[in-house]
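Please look over the model below before reading my notes.

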Amino acid sequence: MHFHFTEIEVIWTLTFAALLVLLVVLLGRDRVRRFPFFTAGVIVAALEMLVRRLLTAKLPPANATELFLGLADLGFIITLLVAIELARRAFPCASRLSWMVGTVVVVAAAAGTVAWWGPWPARETLTAHSLLAHLHLMQLLAEKGDLFNNVAFVALMLIAVFTGRRFHAGWRSHARQLLLGYSVAALAQAAARVAWEKLASLPQPRTEAEYQHQITIQTRLLNANSLVYLVVVIGWIACLWFGDPDDVAAQIPDANGDAPAAGAREPESAAAHVSGREKADPVAAALERALGPDVGPGSKSNAGKRP
C-alpha cells in the first residue's frame, strides 16, 4: 500500500484543523472576551499557514517573500501582546512593585538572549533604500521578535513556577495552561534551532548520500517542531473546553495596578441589597438614608428599643 501524503502534509493538515477547532472552542465557550489577543494570534497563525500553502507557487518570489514576512512580523506583535495578556491573568494578585520587578527581569532576559544569540547583519544591508534591504529588515524583526517572545514565555513560566503560591493562581487556570503551552513550544523551537546550528557548522557534504542524510535530518527537525506545536494546540483545546475553576478573571488588577481586596463587595451587589430593603420596608430605608446606618430603626444601636 502506498500512502500518497507526506509527513509534512499530514502534520500541516492536522495542525490547521486543530487551529480551526481551537477557534470554534474560543467562540463557542465564550473565551474570546477573556483572551482577545490569544484569539487574534490563533487567527493569524491559521491565516499564515493557509497563505503559505496556497500562494507559495502562485506569486512572484519577491511579492511572496514580502507577504510572508509581513505576516510573520504581525504574528510577532500579536504574540507579544498575548504574553502581556497572559501575564496579567496568570498573576492576578501581583502588586505594582511585583509587576515592575517582573517586567524588568523578563525584558532583560529576553533582550539579552536576543543580543547574544545569533548573528546580526551589517547596518548597510538594513539602511539601504531598496526592496532587498526592506526584506532583510522585516526578516530580522521576525526572527529576533520570535526569539524575544520565546524567551519571554519561558521566563514567565519560570516565574509562575517559583511564585505560584504567593500570587494565589492555580495551575488549572486557563492563563497558566496557555502559558505552559507557549513555553513548551518555545523550548521545542530553541532545541530545533540549536540542532540546526550544529548541522550548519558541519563540513559540507562530499557525496550525494551525505547531502541526502543532512536533508533528512533537517526535515525531521522541522517535523518534530511542528508535531510539538500540534500537541500544544490540542492541549489548548482541551483546557479551554472546560471551565476555569480558579476564576482568575475576577481578580485582574485595577487601573492602578493593585489587586482587589479580599472580600470586597461589588457596587452592583450593594445596589441590589439597598433596592431589596427599599422594597421590603421603604419607610425604614428612607430613615436610614436620612439619619445614617447607625441611627435608623434597623441599626444595631437601636436594636430592641421602642421607636
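My notes follow as numbered points.

1. **Basis.** This is a predicted model: local features need pLDDT of at least 70, side-chain atom pairs count only at pLDDT 80 or more, and totals for chains, interfaces and linings use all residues. Numbering runs from 1 along each chain as its sequence is written, and side-chain values use heavy atoms, with hydrogens and water left out.

2. **Fold.** The protein has 10 helices and 0 strands. Helices here are DSSP runs of H or I with at least four residues, strands are E runs of at least two, and both are numbered from the N terminus. Along the sequence the pattern reads α-α-α-α-α-α-α-α-α-α.

3. **Contacts.** Take contacts between residues at least 6 apart in sequence: 76% of them join residues at least 24 apart. A contact means heavy atoms within 4.5 Å.

4. **Burial and surface.** Of the 307 residues, 32% are buried. Buried means under 20% relative accessible area, exposed over 50%, and partly exposed in between, with a 1.4 Å probe and protein chains only. The protein exposes about 19,400 Å², and carbon and sulfur atoms supply 66% of that area. Areas come from the Shrake-Rupley method with a 1.4 Å probe; for residues, only the protein chains shown count as cover.

5. **Aromatic pairs.** Rings of Phe, Tyr and Trp (its six-membered ring) pair if their centres lie within 6.5 Å; planes under 30 degrees apart count as stacked, over 60 as edge-to-face and the rest as tilted. By this rule there are 6 aromatic pairs. One of them, W116 with W117, is tilted, at 6.4 Å centre to centre and 45° between the planes. W116 counts as exposed at 70% relative accessibility, whereas W117 counts as buried at 14%.

6. **A pair between helices.** Why is the pair of F153 and Y182 stacked? The ring centres are 4.3 Å apart and the planes lie at 5°, so the pair of F153 and Y182 is stacked. F153 belongs to helix α6 (residues 131–162) and Y182 to helix α7 (residues 174–200), so the pair ties together parts that are 29 residues apart in sequence. F153 is buried, at 1% relative accessibility. Y182 is buried too, at 14%. F38, F153, Y182 and W236 form one aromatic cluster.

7. **Charges over rings.** The criterion is NZ of Lys or CZ of Arg within 6 Å of the ring centre and within 35 degrees of the ring normal. R53 lies over the face of W12, 5.3 Å from the ring centre. R89 lies over the face of F35, at 5.6 Å from the ring centre.
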